[in-house]
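Welcome! Here is a short tour for anyone meeting this protein for the first time. Take a look at the sequence and the model before reading on.

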Amino acid sequence: MLAEKIMASEDFKRCEQFHGHVCPGLAIGYQASKAALAWLEENRSVDEEIVAIVENDACCVDAIQVLTGCTFGKGNFIYKNHGKMVFTFFSRNTGKGLRLSMKPGVLEPDERYRQLIEKVRDNKATDKDREEFAQLHQQRTEDILKKSMENLFTMETTTVDLPPKARMEPSEPCQVCGEPTMPSKLELVNNKMICRDCL
Ligand SMILES: [Zn+2]
Ligand SMILES: [Zn+2]
C-alpha cells in the first residue's frame, strides 16, 4: 500500500493521536502490529486473548498498544528492558505466537540525519535545519511504511512461557511512608515492611 494512503488511514491516525507525532518508530510499531494481527487472525480462535511482549520502550510500542489492544494497564502488554526491536505476540491459551525481530539497518540514521538529530536535541538547529529534519523524518517514516514485512522483520513462530495473569492482592501500608502497597512488593528490613520508594 502507498505510504500516503496508510498515513491517511483511520488506524494510522489513531496511532498518531495516541503517540502525539508521526515518526519512523511509530511506523515500525504500525507495521509490526499489522503483521501480528494478520498472523493471529489465521491462527487463533476468537475468544483467545492476545499478549504482546516488547523489548524496548521507544515510539513503536505506542502503535502496538493502539492497534493490538494489548495495553500496559490490562496486563497483556509486557515490557522487557532488553533494548531490542523485538516484538512477540501470542495467544494466552496456547502460548503459541509470532516473534518479530527488526532487521539490522532499518532504523539506522545516515550521517546527515544523525547530525540533524543532534542539532535539534541541543537546540542548535536553524529554521532551515528544522525543515530539513522534518523532511527526512517524514521520508524515513514513509520508507518504513512502504517496505514489505519481509524487509523489515525476521519473523518466526515461537512458543512462550505464559506469564501469570495479574493477581489481586489487598494492599498493606508501608511501615515507613504509610502508603498502601502490594504486599509482594514490600520488603522486610529491620522488622519493618518497607516499600521500594522508602528502601
Ligand atoms: Zn515518536
Ligand atoms: Zn514507603
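The centres of domain 1 and domain 2, taken over C-alpha atoms, are separated by 37 Å. Domain 1 covers 3–159 and domain 2 covers 168–199, with bounds that come from an automatic or database domain assignment.

A word on how to read this: the model is predicted, local features need pLDDT of at least 70, side-chain atom pairs count only at pLDDT 80 or more, and totals for chains, interfaces and linings use all residues. Residues are numbered from 1 along each chain as its sequence is written, while chains are lettered from A and ligands numbered from 1 in the order in which they are written.

Let us turn to a pair of helices. Helices (H or I, at least four residues) and strands (E, at least two) are DSSP runs, numbered from the N terminus. Two packed helices are described by the angle between their axes and the distance between the axes. Helix 5 (residues 111–121) and helix 6 (residues 127–146) pack at an angle of about 125 degrees, and their axes are 10 Å apart. Here axes are lines fitted to C-alpha atoms, for helices over the stretch in contact, and angles run from 0 to 180 degrees between N-to-C directions. The two helices are therefore oblique to each other, since angles under 35 degrees count as roughly parallel, over 145 as roughly antiparallel, 65 to 115 as roughly perpendicular and the rest as oblique.

Which residues of helix 5 meet helix 6? They are Tyr-113, Leu-116, Lys-119 and Val-120, and their partners in helix 6 are Asp-129, Arg-130, Glu-132, Phe-133 and Leu-136. Contact requires C-beta atoms, placed from the backbone, to lie within 7 Å.

Next comes a loop. Most residues other than glycine have a negative phi. Asn-190 sits in the loop between strand 8 (187–189) and strand 9 (192–194), and Asn-191 lies in the loop between strand 8 and strand 9 too. Both have a positive phi, as the table shows.

| Residue | Phi | Other C-beta atoms within 10 Å |
|---|---|---|
| Asn-190 | near 45 degrees | 6, exposed |
| Asn-191 | near 65 degrees | 6, exposed |

A residue is buried if 20 or more other C-beta atoms lie within 10 Å of its own, exposed if 12 or fewer, and partly exposed in between.

Finally, Val-66 is found in helix 4 (residues 60–68). Val-66 counts as buried because it has 22 C-beta neighbours inside 10 Å. Not counting residues up to four places away in sequence, Val-66 touches Arg-14, Cys-15 and Phe-18.

Notes:
Two residues are in contact if their C-beta atoms, placed from the backbone, lie within 7 Å.
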